Structures are given as structure tokens and as C-alpha cells.
Amino acid sequence: MFLTKEQQNMLDGEQGHAIAKLTNLVVKIGEVNGATRLIPIKNAQIAGVSYFTVGDPIFSFFDMLSKDKVKVSVPSWLNPAGMDMERWEEMGITRNFAEKQIKIIQHYKKMGIETTLTCTPYLIGHQPKFGDHIAWSESSAVSIANAYYGARTNREGGPSSLASAIIGYTANYGLHREENRVPRIVVNVKTSIDNFSDFSALGYWYGERFHGVIPYFKGIKSTHLDKVKMLGAAMAASGSVAHFHIENHTPEAREVNMNQVTEIVDFDASEKQHTYGHFNQVKEDADLVVIGCPHASLEDIKTIHSFLGERLIKEGIKFWIFSPHNLIKTDNTKNILTALEEKGVKIFTDTCMVVTPVVRENYQNILTNSAKAAFYLTRDGTNKVNLLSLSEILESVSE
Ligand code: F3S
């Protein structure tokens, strides 16, 4: 791989042992994937935050980094942690877990990383720009950055996104290169795709069948970001699909080279029904509703608020929404949040249903409108999940 003098110096340890190791990681990943050079990045989104997913080994990694007092060199943001950083006791998190989680966040903060703790940085003012090379790691954020904003990122691992955030470079391979961003499959959407869970079902269906292959969707009419994020998240979960195009909507769709398309498939009412049917597992009463995968926007929250009206969440059911703290802790949202809490809806921030341990540990029968959440919560058989539309969920759990 060609390295500039500055990059070679970093690799040779002239800026310390930690920078050398991190540069080596980025170079090695690039070499394995056929990159011939490193390219500068504009920003990074870093996963590997929840103590539930990273465990104690992360502390020896931090020790290595803190010896050289390394800091990020580009704006960098964190993925969700394993708990709401303020209301963790209410969630059922233990003190031991909380202490470890706080320590992890402090380490990241010391490196200059903004503790956004969300998988939707684009909802809190961190939208990537068209053509920007970035190093993002949460799979739904990656697909939205590529597809909705036209930025360029591979799905980085936690360590590689952190390495790129610190050295300021990533390797030029995969979705950083124009030729790898073209669709191979056209999907004709021949059934109504209206609400969040429909978008989620389409994404889940596609990812499960066409692992890692970039699709070009035709026939999707409404493409609000809140809906498209459900599509991207589900595709990324079931099929590691990190980029997609939607005819007449996503920024690369009009110009993209269609010559590589090898297959045209239909998504019709029976495919949609089949996907919902796959996550129709809750036979007894639900004990938990989880909304906000990816993290809920204010509009999502307002929709729930207005649907509920005077209704209350039924006794015995917990209703949790996950959202970014920067989004909801503003004065004009306080009234809505208070009203929702009085009706039995809790809005937790900084975490989500998948990266917190308490959903697995304390609940069994779960309702959600997110196929990504359904996929991860049912993967090891711990939880049973029904995938439903938001209105079906609200109808069944409120009175
Ligand atoms: Fe975000 Fe957690 Fe879902 S990180 S995309 S809410 S699994």
C-alpha cells in the first residue's frame, strides 16, 4: 500500500506506540481488502460502547491508548451504551454494570469523542455530506449515511472506527470506491409500504435473501427519513447490506450505473405477510413494548403521543421508547415527555433494547415495530417477539 510520509511515520511509531498500532490496524484491513492507499475522513461514529457487548477486555485496550494520551483527530460520536446514563436504576441495571459503563464512557470522553450515545447521529445535527468519506460503525447508521446522504463509509468495526477517528484516515476500499456502490438487484415493490414496520419488513426480507448485495428499489413512494432508517436497519441486520438506492429519492439513484444489475425481483403482499409472520411469536401476553430501533426521532415520539390521546398503557406492560438524549432533552419536548410518562410510556436515552442487558434478562414477550430489533432479540432464543405496526401495538397495549 502506498503511504504518505506522515502515514509512514505514524506506522513507524514516531507518534507513539498506540498510534503505530492503530495505523497498522487500518493498513492491515486495507491490505486484506485490496486498498492501495489511505484516504482522509471527515468524521467517525464509533461502536463498541455498551459494557454488555464489549465486556472487561475493552479496559486493556483503553490502557494501551491512555498510556500515549491519544485523542481523536476528527469529529467523532459514540454509539448507544448499555443503559440510560441517568435513569439506569429505573431500567433495572445493576450498580456493578453501571460503574463499568460509566468508566467506558469516561475513557471515550478523554479521547475527545462526543458522548452522543446514539445510532442516529444524523437526527442530532451530525448529517454527513454527499461524497464525504467517513468511518461509521453502527450498521443502520452506515446504511443511512451511504444511501440517504450519499456519504461513503464501509461498516467499520468498533476498533477500526476508533483507529480511523484517531489517525484521521481509513483505507480506500469497498464503499469508498464508486464502482462498488452500484446496484446488482432491482426490487419492484408491488405492495403498499406505508408505515415504519412495512419498511422494516421489506428490509428484513431483502437482506435475508440477498446478503450483502446492493439493491435498487422501485415503487417506494414515501421516503421520510424515519421510514428509510427502518428499511436500512433491517437490511443491515438480516443481510449486512450497507448501501441501497431508491428510485427518484436517494441522491445517487438518478446517476448510478445500472449495468451491473443481474436480477429483478418483486416484493409483493405475500412476501410482506410472510415476513410479519416470521416474527409472530408472542402467543401469551406481551410484557414489554420496545420502540426506537434505530433511535426514535421527535416525530416518532409525537406520533405515539397523539395516537395515545387520553389512553393509558395497560397495567402489567412496560412501554419503552429509545431516543438520543440530545434530541429529547430540550425545553419544547418536556411537556410531551411528561404527558407520555404519565400514560405509562418511558423514554430512555443513550441505550437501546439490543445493547442493554435488561431486556434479555427481565422480559420475555416483546412487541416492536422494528425488524432489526426483532432479529437481534430472537437470535439466541431468549425473547419472543411480534413484529407489528405502531398503531397495532398501541391499539393492543393501551386502553
Ligand atoms: Fe440502534 Fe440499537 Fe437498533 S444501536 S439500530 S437501536 S439495535
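The C-alpha centres of domain 1 and domain 2 lie 27 Å apart in this predicted model. The protein chain is divided into domain 1 (5–178), domain 2 (182–277) and domain 3 (279–397), with bounds that come from an automatic or database domain assignment. Between domain 1 and domain 2, 17 residues of the former are in contact with 17 residues of the latter, where contact means heavy atoms within 4.5 Å. Residues are numbered from 1 along each chain as its sequence is written, and side-chain values use heavy atoms, with hydrogens and water left out. Local features need pLDDT of at least 70 and side-chain atom pairs count only at pLDDT 80 or more, whereas totals for chains, interfaces and linings use all residues.

The ligand is surrounded by Pro80, Cys119, Glu138, Ser140, Gly292, Cys293, Pro294, Cys352, Val354 and Lys372, each with a heavy atom within 4 Å of the ligand. This shell has six nonpolar, two polar and two charged residues; Ala, Val, Leu, Ile, Met, Phe, Trp, Tyr, Cys and Pro count as nonpolar, Asp, Glu, Lys and Arg as charged, and the others, Gly among them, as polar. Because domain 1 and domain 3 both give residues to the shell, the ligand lies between them.

One member of the shell, Pro294, is found in the loop between β10 (288–291) and α12 (298–308). Helices (H or I, at least four residues) and strands (E, at least two) are DSSP runs, numbered from the N terminus. The peptide bond from Cys293 to Pro294 is cis, with omega near -5°. A further backbone feature occurs at Lys69, which has a positive phi of about 50° although it is not a glycine. Lys69 is found in the loop between α4 (57–67) and β3. Most residues other than glycine have a negative phi, and most peptide bonds are trans.

Strand β3 also belongs to an open sheet of three strands, with the order β3-β2-β4 and parallel pairing. β3 (76–78) and β4 (135–136) stand at the edges, each with a single partner strand, so one side of each is left without a neighbour in the sheet. Strand β2 (residues 44–46) and β4 pair in the parallel sense over two bridges; two strands pair if DSSP finds at least two bridges between them. In this pairing, Ala44 stands opposite Ala135 in β4.

Leu388 is placed in the loop between β14 (384–387) and α17 (390–397). Not counting residues up to four places away in sequence, Leu388 touches Ser197, Tyr276, Leu367, Thr368, Asn369 and Ile393.
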